Each structure stands twice: as structure tokens, then as C-alpha cells.
Amino acid sequence: MAGQHTRLLAAVAVAGLVLAGCGGGGGAGDEVGRLEIMAPADPGGGWDQTARAMQAAIDGAGLADSVQVSNVGGAGGTVGLQKLANERSESYLMVTGLVMVGAVETNGVDKRLEDTTPIARLTAEDEVVVVPAESPYRTIEELLAAVREKGKGVSITGGSAGGTDHVLAGMLLQATGIDPGKLNYVPYSGGGESLAALLGGKVDAGISGVGEYVEQIKAGKLRALGTSGPKEHPELKVPTFAKLGTGVELINWRGVVAPGSISVAAKDRLVELVTAMHASPQWQEELRKKGWTDTFQTGHDFSTFLTKEIGRIKPVLQEIGLVS
């Protein structure tokens, strides 16, 4: 029954899209069958995976005549954000996420997420702090105490400067009253490089999405000290930072936005399309295969969430000296 209900929801949403496309007035309604999804990063990363998972689900559920994915990499997604600002199609989506919130601030760009049309939040992934298996630090409290005592003598690696991993490091220091100036953060372009640094003994600790480190944790090569989500991660069974008393909670969320210039009718059609995709068995299978947490949220709710995220990330970046 659940599968039939899901297919019915998807079919109803598709019917609504078709009817909208048949209405008079031209514009977005005529273009709803041709959707483009931009991943504002090079192929292979989380944003690219999200865009291609959306493409597979929309194609598989028959929700659009054609779906194309393009990649526009550079500067934490802000090169893609600039392109989005100049896009005139009303059937166009760009994948975004928490990393871009920080990149907008650290790169000082003139086009911001506030200039886009929020469509939907899709997924989230917990962050995890790890140390090599032979590390003397067995708890997050011990690691932070070492940072308090040794300052830059303790190195913590993660993704790009100003990204989710860096922000989490800053939040943990901020929450425990440690001078953010003591943070020795070693940025890498991705989880694979930071993993190599950890396993090679080049750094003391690492931060990344759970998916980047989980296999090495299970293999006993890394020790997880805590996760950043609201609930205990089902695979890791280690405490959350909130439960450990820091009050820190951060999820590496991903979603989609549209050009800021689109009409209200076009926005509604894109929300309907993504809602139908979310309801489809194809998308639910993508979530299962990727191990992503479903945090679906659309329209005004997503817009409100985005505003709050921007408001809380900038002060952290200021504390760790990345923005003035």
C-alpha cells in the first residue's frame, strides 16, 4: 500500500505539472518538460552526486521530458552562483548546501544565496570528528583540552577553508570557551586527501561527513569521537556533540535553488516537481543507496531555514578569522 500511495502522489504531482504547462501565457509552463540542474562543483563530489541522483530519479519516475546536469566548479560553488544569477530559464535548478553559505562570506562575492529562489532542502549528512586509532585522544573533551593547552600544536584537518568541517571546528572551540585563534586547521580539497593525512600521521584529528570516514572507522583505523547531528548516528553509535554538553549541532545539508528572477508560477511548478521527485520510489532508492538522511523541506520553510543558517554561520567565520 505504501508503494501505491507513493506512486499516486507522484502521478498527481506530474498531472499538476502537465496541466500547468498547458495553460496560457507561455513562459515557464512551456519549458517545464526541459529541466537543467547545475552542480556548482566538479564531477564526483557531493553536489554532483546530488544533481545526478535527482536526474536519475526524475527520469526514472517520468517527471520531465528531459533532465540535463551541468557542472560549474570553482570557489566553493560561488562561480556557479554567479552563473545562476544570470540565468533566464525558469526551468533551472542549482544544487547548494552549507558549504556555499560559508563560501559566499569568505570569497566576498556580490551574488549571494539571498538573491536566489529557494526551492527545497533535500538531504543532510552528519559530520564526525575522528583521530587515528593510535591517538592518545579518546574523547572529544581530551582533544579540545589539548587544543586549549597546546594551541596550534594540535592540527585538525578537513575540507576547504570556511567549509562545513572548518565551521564545525570553530563552533566546538567557541562552545567550550577556547580562543579560536588557537585553531590549527589544515584544509584539503576533499575527504580523500584529509583521510590520507590522518592515516599517514600528518595531522592529529580530522573532520568530515560521516560517509567520507565511516569505512575506516569500521575497520578500526580511525576512532570517532562524536557526531554533529541531532541524533546518534545509526552506524557509528558514538555520542552527539549536543549530548556531550557542547550544545553544538550542525548538519551538512544539501538542497536546490532557482534563479532569483523566476515568476511565482515558475517557482510553484519547480516546488511541485521536486516534491513529486521526493515522493517517487526512485528518489527513495537513491537516498537508501547513498545513505543520505531525508530532510525534505520546501518553499517558505526552506527559505526560513536558509536565512537562519546564513545568520549563524557568519559569526563563526568571523571568530576564526576568515571574514571581518
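T96 has a relative accessibility of 0% and counts as buried (buried is under 20% relative accessible area, exposed over 50%, partly exposed in between, with a 1.4 Å probe and protein chains only). Welcome to a predicted model, in which local features need pLDDT of at least 70, side-chain atom pairs count only at pLDDT 80 or more, and totals for chains, interfaces and linings use all residues. Residues are numbered from 1 along each chain as its sequence is written, and side-chain values use heavy atoms, with hydrogens and water left out.

**Around T96**
- T96 sits in strand β3, residues 92–97 (helices, H or I of at least four residues, and strands, E of at least two, are DSSP runs numbered from the N terminus).
- Leaving aside residues up to four places away in sequence, T96 touches W47, L113, W253, R254, G255, V256 and V257 (contact means heavy atoms within 4.5 Å).

- G46 belongs to helix α3, residues 46–61, and is partly exposed at 21% relative accessible area.
- Although G46 and V95 are 49 residues apart along the chain, 9.6 Å separates their C-alpha atoms.
- Helix α3 packs with α11 (residues 281–290) at an angle of about 145 degrees, their axes 8 Å apart (axes are lines fitted to C-alpha atoms, for helices over the stretch in contact, and angles run from 0 to 180 degrees between N-to-C directions).
- Q49, A53, M54, A56, A57, G60 and A61 of α3 meet Q282, W283, E286 and K290 of α11.
- By class, this contact of α3 with α11 has six nonpolar, three polar and two charged residues (Ala, Val, Leu, Ile, Met, Phe, Trp, Tyr, Cys and Pro count as nonpolar, Asp, Glu, Lys and Arg as charged, and the others, Gly among them, as polar).

**The second largest cavity**
- Its volume is about 50 Å³ (on a 1 Å grid over the protein atoms alone, a cavity is a set of points where a 1.4 Å probe fits but cannot get out, and lining residues have an atom within 4 Å of a point; a volume is the space filled by probe spheres set on the points, which are joined across faces, edges and corners).
- The lining consists of V129, I140, L143, L144, I156, A169, L172, L173 and I207, that is, nine nonpolar residues, no polar and no charged.

**Positive phi in loops**
- A75, not a glycine, has a positive phi of about 55 degrees; A75 lies in the loop between β2 (66–71) and α4 (78–85) and is partly exposed at 39%.
- K237 also has a positive phi, near 55 degrees; K237 lies in the loop between β8 (222–227) and β9 (251–258) and is exposed at 56%.

Terms used
On a 1 Å grid over the protein atoms alone, a cavity is a set of points where a 1.4 Å probe fits but cannot get out, and a pocket is an open set with protein on both sides within 12 Å along at least five of seven lines; lining residues have an atom within 4 Å of a point.
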